[in-house]
Amino acid sequence: MGRFDGSKKQEAFMNALQGKNIPVLTLDNKWYRLLNEVGREEVKPLEEQLNALLKRQGKMNTETKDIRKLKKKLMKDIVAMVDRVEETGDKTLEKNIETNKRLLEECNEKLEAYQDELKDVPREIDRLNKQLMVMTMQQCYETMQENTDSIQEISGWVTQIRIELKKRLIRKQEMEQKNHDIYAYMHDIFGADVVNIFDMRYNPDEHYPKPANKITDIKPENEADDEPSK
């Protein structure tokens with residue numbers, strides 16, 4: 001499993017993502033669950049930057065709608081006041097008309113500024129989102145590589161332990177067999193009466209059961225005898 005090494009490789013991945021429609025990661029709960037597996041410290045600054053930009057976009061969209069509503073109301077009020085001035089000749093309304101015109105101009109300036117910024121924001125969100133995707137993939141692959149290294153190390157350790165366990169079981173079986181052979185020779189050479197004189201504490205049948213023919217036949221030493229005592 002390869003690693004994502006160097007800025008050149010990240011740049012190559014970014015170029016490969018050009019034209020691809022990537023869902024915004026910070027709006028996906030599965031992405032946050034993924035980060036719980038691999039950690040989020042490295043991607044956190046970019047995550048915060050992307051979320052701030054999304055928040056800014058949402059705010060501008062909301063304010064744009066509000067400004068357009070206000071602009072519509074101001075224009076309606078201006079028309080109504082102009083008509084009233086023409087009908088009544090009330091010059092006191094001219095000040096209100098000028099105030100509304102000034103507010104209307106401010107609305108137009110804000111809308112123009114927001115429209116220019118809103119043209120750039122989606123591109124910047126897409127750029128940050130793709131960069132965040134590459135960083136996330138990098139972190140995932142690095143974590144999986146570290147896990148793979150550990151898995152291989154543990155597998156090697158388990159294999160070695162199994163080999164060592166088998167060797168020790170064979171050695172144990174050989175020593176048990178030797179003890180039984182020695183005890184049998186002692187009985188044959190010295191006779192049971194003589195052996196019994198010295199055999200006050202040691203009894204191989206109590207210390208060691210009769211050796212099994214195969215390693216797989218060996219019962220665990222702590223396994224209780226199923227037969228009831230008589």
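Author: Helices here are DSSP runs of H or I with at least four residues, strands are runs of E with at least two, and both are numbered from the N terminus. On that count the chain has 6 helices and 0 strands, so the order from the N terminus on reads α-α-α-α-α-α. A quick word on ground rules: this is a predicted model, with local features needing pLDDT of at least 70 and side-chain atom pairs pLDDT 80 or more, while totals for chains, interfaces and linings use all residues. Residues are numbered from 1 along each chain as its sequence is written, and side-chain values use heavy atoms, with hydrogens and water left out.

Now the core. By that I mean buried Ala, Val, Leu, Ile, Met, Phe, Trp, Tyr and Cys residues joined through side-chain atoms within 4.5 Å. Buried is under 20% relative accessible area, exposed is over 50%, and partly exposed lies in between (1.4 Å probe, protein chains only). Of the chain's 230 residues, 23% count as buried. The largest core has 29 residues, and W31, L50, I125 and L132 touch the most other members. Two or more residues come from each of α2 (29-38), α3 (44-88) and α4 (93-190), with α4 giving the largest share, 13 residues.

W31 is a handy place to start. Its contacts (heavy atoms within 4.5 Å), leaving aside neighbours within four places in sequence, are L25, T26, V43, E47, L132 and T136. W31 also belongs to the packing of α2 on α4: W31, L34, L35, E37 and V38 of α2 meet L132, T136, Q139, C140 and T143 of α4. The axes of these two helices are 10 Å apart, at an angle of about 40°; axes are lines fitted to C-alpha atoms over the stretch in contact, and angles run from 0 to 180 degrees between N-to-C directions.

Then there's α3. Its buried residues include L46, E47, L50, L53 and L54, and the buried set packs against α2 and α4. An α-helix has 3.6 residues a turn, so residues three or four places apart point the same way. The 45 residues of α3 should span 66 Å at 1.5 Å a residue, and the end C-alpha atoms are 64 Å apart, which agrees; the expected span is 1.5 Å times one less than the number of residues. After α3 comes G89, with a positive phi near 70°.
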